[in-house]
Amino acid sequence: MLRRLFGGGAKVRPGTVPAGQAVYAVGDIHGRLDLLEDLLSRIAEDARRHSADQARQLVFLGDYVDRGSESRGVVERLLDDPMPGFSKVYLMGNHEEAMLAFLDGLSDGLDWLSFGGLETLLSYGVPLRSLPRSEGSSRALRQALAEAVPPSHLDFFKSCTLHHSAGDYLFVHAGVRPGIALERQDPADLMWIRDDFLRSKVPLPGRIVVHGHTICDLPQNREHRINIDTGAFVSGRLTCLALRGAERQFLSTADAH
């Protein structure tokens with residue numbers, strides 16, 4: 001069930017989304033179709049309890065693929081209008097970026113395969129007897145994956161955006177470079193940054209950053225950022241942040257109905 005984020009811990013700087021709007025931000029899915037289905041049901045249940053909503057939006061923070069066993073199924077589900085009546089925003093995660101870099105010939109794929117790409121290959125029916133050790137073997141694997149990934153999936157990955165704003169909140173996959181205005185942020189930082197962002201006490205002026213990318217046991221509610229990557233692929237806990245007005249709440253697959 002939903003849990004209020006206020007109470008205990010550091011004082012949280014107030015932030016709001018526009019009146020009448022509900023925003024649901026979903027953390028890193030990583031091939032866990034079962035958890036995605038569960039969380040979507042919880043979001044629908046919550047929305048039914050808030051009949052005064054004038055508009056509802058789903059913001060997915062990226063990392064749809066890798067690590068879990070059903071990357072292809074997750075993408076299919078997201079393409080199949082997962083929540084009718086909600087507008088949707090899909091952010092680019094570092095795992096999608098790594099997969100595209102391999103498909104576009106910008107990497108040999110070894111790094112991607114080592115942090116979850118192998119599971120994605122298998123989900124698309126691409127067998128892998130051994131890691132590619134030569135330019136030729138990388139090329140052959142790239143070709144096999146390109147033939148296995150439906151054009152609609154490729155279009156989905158390429159259409160993902162790097163950031164999204166709603167009221168006082170900025171949604172990104174990984175975080176932002178401290179001290180740099182949003183319009184000057186490096187796309188690589190938005191998808192990959194960790195320590196420099198997580199350790200910083202410097203907020204992005206006028207924004208509270210909602211992000212994933214770095215696993216935490218439970219959602220982190222900080223003064224200028226909220227982390228909702230609860231390691232779904234290993235913990236079984238896929239987390240959503242629900243925003244209405246100045247209210248923040250969590251919804252998680254680990255909670256009892």
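Which residues in α3 meet which residues in α4? In this predicted model, His 95, Ala 98, Met 99 and Phe 102 are the α3 side of the contact, and Trp 112, Phe 115 and Thr 120 are the α4 side. By class, five residues of this contact are nonpolar and two are polar, with no charged residues. The two helices, α3 spanning residues 94-103 and α4 spanning residues 110-123, have axes 10 Å apart and pack at an angle of about 85°. That angle makes α3 roughly perpendicular to α4.

Val 74 deserves a look of its own. This residue belongs to helix α2 (residues 71-79) and counts as buried because its relative accessibility is 0%, where the cut-off for buried is under 20%. Apart from neighbours within four places in sequence, Val 74 is in contact with Ile 29, Gly 31, Arg 32, Leu 33, Leu 36 and Tyr 64. Gly 31 lies 43 residues away from Val 74 along the chain, yet their C-alpha atoms are separated by 5.9 Å.

With a relative accessibility of 5%, His 30 counts as buried.

Helix α6 (residues 151-159) has buried and exposed residues. His 153, Phe 156 and Phe 157 are buried; viewed down the axis of α6, the buried residues fall within an arc of 95°, so they line one face of the helix. Pro 151, Asp 155, Lys 158 and Ser 159 are exposed on the other side of α6. The packing partners of the buried residues are α2, β4 (87-90) and α3.

Turning to the strands, five of them form an open sheet of mixed pairing, in the order β5-β6-β7-β9-β8. The edges are taken by β5 (163-166) and β8 (220-221), each with a single partner strand, so one side of each is left without a neighbour in the sheet. Strand β6 (residues 169-172) pairs with strand β7 (residues 208-211) in the parallel sense, over three bridges, and Leu 170 has Val 209 of β7 as its bridge partner.

Strand β10 (residues 239-244) has six of its six residues buried, so it is largely enclosed by the rest of the structure. Thr 239, Leu 241 and Leu 243 are buried on one side, as are Cys 240, Ala 242 and Arg 244 on the other. β10 pairs with β2 in the antiparallel sense over five bridges, and with strand β11 (residues 247-252), also antiparallel, over six bridges. Leu 243 takes part in both pairings: this residue is the bridge partner of Val 23 and stands opposite Arg 248 in β11. The hairpin of β10 and β11 has two residues between the strands, and Gly 245 there takes a positive phi near 55°.

Methods
Residues numbered from 1 in each chain as written. Predicted model: local features only at pLDDT ≥ 70, side-chain atom pairs only at ≥ 80, totals over all residues. Heavy atoms only, no water. Axes fitted to C-alpha atoms, helices over the stretch in contact; angles between N-to-C directions. Helix = DSSP H or I, 4+ residues; strand = E, 2+ residues; numbered from the N terminus. Parallel < 35°, antiparallel > 145°, perpendicular 65-115°, else oblique. Contact = heavy atoms within 4.5 Å. Nonpolar A, V, L, I, M, F, W, Y, C, P; charged D, E, K, R; others polar. Buried < 20%, exposed > 50% of the residue type's maximum accessible area, 1.4 Å probe, protein only. Arc of directions from axis to C-beta. Pairing = 2+ DSSP bridges.
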